Amino acid sequence: MFHIGRLSTVDLDEDITPEEDAVRSKPKEIPHNEKLLSLKYESLDYDNIENHLFLEEERRMGHMSFRCLEISRWVICGLIGVLTGLIACFIDIVVEKLAGVKYVVVKKSIDKNTEIGGMCISLILWAALNSAFVMVGAIIVAFFEPIAAGSGIPQIKCYLNGVKVPRVVRLKTLMVKVCGVICSVAGGLAVGKEGPMIHSGAVVAAGVSQGRSTSLKKDFKIFEYFRRDTEKRDFVSAGAAAGVSAAFGAPVGGVLFSLEEGASFWNQLLTWRIFFASMISTFTLNFVLSIYHKKTGELSSPGLINFGSFDLKYNIYEIPLFIVMGAIAYGCVNQMVSRRYVHRPCLQVMEAMLVAAVTATVSFAMIYFSNDCQPLETQKSSEDYSLQGFCADGEYSAMATAFFNTPERSVRSLFHSPAGTYKLETLGCFTLVYFFLACWTYGLTVSAGVFIPSLLIGAAWGRLFGIMLPYIALNPSVFTDPGKYALMGAAAQLGGIVRMTLSLTVILVEATGNVTYGLPIMLVLMTAKIVGDYFIEGLYDVHIKLQSVPFLHWDAPATSHSLTAREVMSSPVTCFNRVEKVGTIVDVLSNTSTNHNGFPVIIQTPGKLCGLILRSQLIVLLKHKVFVERARSRLRQRKLQLKDFRDAYPRFPPIQSIHVSQDERECMMDLTEFMNPTPYTVPQDTSLPRVFKLFRALGLRHLVVVDDDNRVIGLVTRKDLARYHLGKHGLEELHLAHT
């Protein structure tokens with residue numbers, strides 16, 4: 001979809017000097033492995049197509065019309081925040097209800113069978129409940145919408161980068177995502193419900209901003225102006241930020257997340273609108289949950305996870321220890337845990353059920369063999385599901401506090417439980433076991449996030465680190481509270497896996513409510529990223545690469561200044577004349593071997609560039625029979641408008657669904673009014689970093705390469721640029737080709 005085909009222009013090799021001929025003797029395209037980038041991904045059109053129809057509409061609009069459009073953008077952002085907050089409320093309430101029922105049933109069974117013997121019954125009951133929940137979640141994902149698997153953050157990151165990921169922002173995807181994450185968390189998997197909120201918010205934004213549902217075939221006839229990739233991208237950015245805000249109660253962190261991890265294009269007005277959506281999202285969640293908990297007006301639940309209040313102090317001499325913690329949490333298994341080898345839906349469901357059963361079995365065994373018993377007085381009120389196990393009366397199992405709870409409650413327990421609540425062996429065993437369970441769980445065909453498992457693992461080994469310090473320190477009184485080390489460990493683990501710095505710092509500061517921890521959290525995250533990047537990319541980047549997505553990073557490779565546009569472009573190119581035969585257009589669009597999406601328009605005699613037209617535009621023109629002969633004979637009832645293109649967006653019909661008779665194939669089509677007459681072009685000797693910056697900053701889909709006479713010689717696409725970020729298969733392969 002990104003590779004360009006054949007050039008239908010006049011001969012371009014006339015009157016070439018020997019110097020130019022020497023340049024042309026170089027290979028027009030660097031040899032590379034086509035399998036490195038998947039052909040199923042298309043590029044989004046973030047650059048406005050300023051054809052005659054677009055310019056006429058813009059000129060007809062007055063100052064008041066633009067003011068109304070701006071107000072509409074704010075209204076849409078408000079709706080995005082409200083709906084995202086309501087979805088977060090629904091997920092949180094249903095998970096708490098299902099998890100509560102499951103834990104009560106299992107707890108009664110364990111308490112009963114502890115006295116009479118027969119713990120196998122309790123184990124089977126626990127494993128069966130987990131497997132049942134996970135089976136439902138895996139079935140709806142594997143059989144109904146596979147794109148809903150995982151957290152969805154890599155897919156949204158790709159979408160905002162300019163890649164059209166199939167089915168990623170559809171209503172069906174949202175429904176499967178919400179139901180799937182409820183089943184995954186209630187099923188006891190080592191997952192969280194916070195990550196999928198980002199994907200859910202993005203889907204909400206994509207749907208609300210269009211004023212219709214293509215899945216339900218319902219058009220509300222509103223927000224029609226925003227039915228294009230340029231506007232839709234901004235709203236999806238707001239939806240992702242609203243999802244972060246609802247998950248962590250961090251509206252500023254949500255804005256920064258959208259900036260750092262998602263949106264490729266930014267401006268001041270967009271910042272305000274995204275912040276507005278984030279604030280509305282966390283307020284909606286807070287208000288609805290206060291009503292649900294019968295504390296109307298007491299806004300004490302800003303996000304799905306509440307870290308609690310941190311009033312702990314740290315000593316300046318502890319900062320080097322925090323940095324060391326960041327250095328040892330670089331997520332070295334990112335590559336391993338991202339690879340999956342089960343692809344058949346039935347086997348994927350069975351694998352998820354197996355992991356659920358094994359998780360329950362391992363958790364049960366850890367609780368059964370643990371002898372870490374603590375007095376009930378030391379237990380925090382947030383841990384409702386305590387187990388006595390084989391402890392004496394008036395005591396509970398500390399291992400059960402970690403395993404026999406939702407991950408969010410376990411994280412709060414590790415943060416705020418007083419010193420002495422957990423033994424060293426309890427934390428060590430939990431960290432090791434939960435780490436491998438999380439690695440096995442990530443990548444299953446279920447809707448799940450990696451944020452909370454990472455925080456839980458980091459909090460466990462961070463608290464372990466804090467407990468061990470007094471035994472080796474010269475001044476043990478400084479290291480009296482392991483809770484702050486649990487926080488630093490959680491930050492280090494999450495930062496080492498996802499490699500976020502700015503946004504994650506603000507998210508954790510907002511979630512803890514203590515700005516004094518901003519500096520150590522920032523240092524921990526920076527250290528984790530620097531050390532981690534030395535070994536392997538972050539989890540989301542690894543996931544994107546394994547999916548063979550043509551993702552563009554912020555900058556071109558550092559060693560690419562010796563390359564030019566001519567060496568990276570695709571050529572020869574399929575071009576159309578300004579007035580082209582309909583049969584020719586149909587044949588080109590129907591050619592399944594080359595799914596081209598952009599076609600330069602040329603003046604036939606000199607072969608010079610005069611515009612650029614997209615496949616989607618040509619399909620709409622063919623559908624409405626916009627032929628020169630019909631216009632002359634007045635068979636066409638009305639003039640084609642920009643609304644006709646917006647009505648077909650984003651699911652343009654395939655060329656196979658458009659019937660063109662043999663007589664119509666002989667007609668001519670005038671592309672002048674519909675093509676973009678001012679496409680971006682670069683000379684063939686433009687350096688690769690300059691091409692990359694232009695392509696990336698403007699969100700282009702195609703960049704035309706021309707010679708000194710403005711004749712088309714090639715086309716730079718996303719795929720041409722993306723392959724140079726594929727490590728040894730990219731730039732190093734290029735140098736090998738030239739040597």
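In the largest nonpolar core, which has 143 residues, Phe 248, Phe 307, Phe 415 and Leu 455 touch the most other members. A nonpolar core here is a set of buried Ala, Val, Leu, Ile, Met, Phe, Trp, Tyr and Cys residues joined through side-chain atoms within 4.5 Å; buried means under 20% relative accessible area, with a 1.4 Å probe and protein chains only. Helix H3 (residues 63-116) gives this core its largest share, 14 residues. Because domain 2 (64-292) and domain 3 (316-343 + 407-546) both give residues to the core, it lies between them; the domain bounds come from an automatic or database assignment.

This is a predicted model, where local features need pLDDT of at least 70, side-chain atom pairs count only at pLDDT 80 or more, and totals for chains, interfaces and linings use all residues. Residues are numbered from 1 along each chain as its sequence is written, and side-chain values use heavy atoms, leaving out hydrogens and water.

Now to strand E13 (residues 702-706), where five of five residues are buried. His 702, Val 704 and Val 706 point one way from E13, and Leu 703 and Val 705 the other way. In a regular strand, side chains alternate between the two faces of the sheet. Its pairings (at least two DSSP bridges between two strands) are these:

| Partner of E13 | Sense | Bridges |
|---|---|---|
| E12 (residues 681-683) | parallel | three bridges |
| E14 (residues 712-717) | antiparallel | five bridges |

Val 682 stands opposite Val 705 in E13, while Val 704 stands opposite Leu 715 in E14.

Conventions
Buried means under 20% relative accessible area, exposed over 50%, partly exposed in between (1.4 Å probe, protein chains only). Helices (H or I, at least four residues) and strands (E, at least two) are DSSP runs, numbered from the N terminus.
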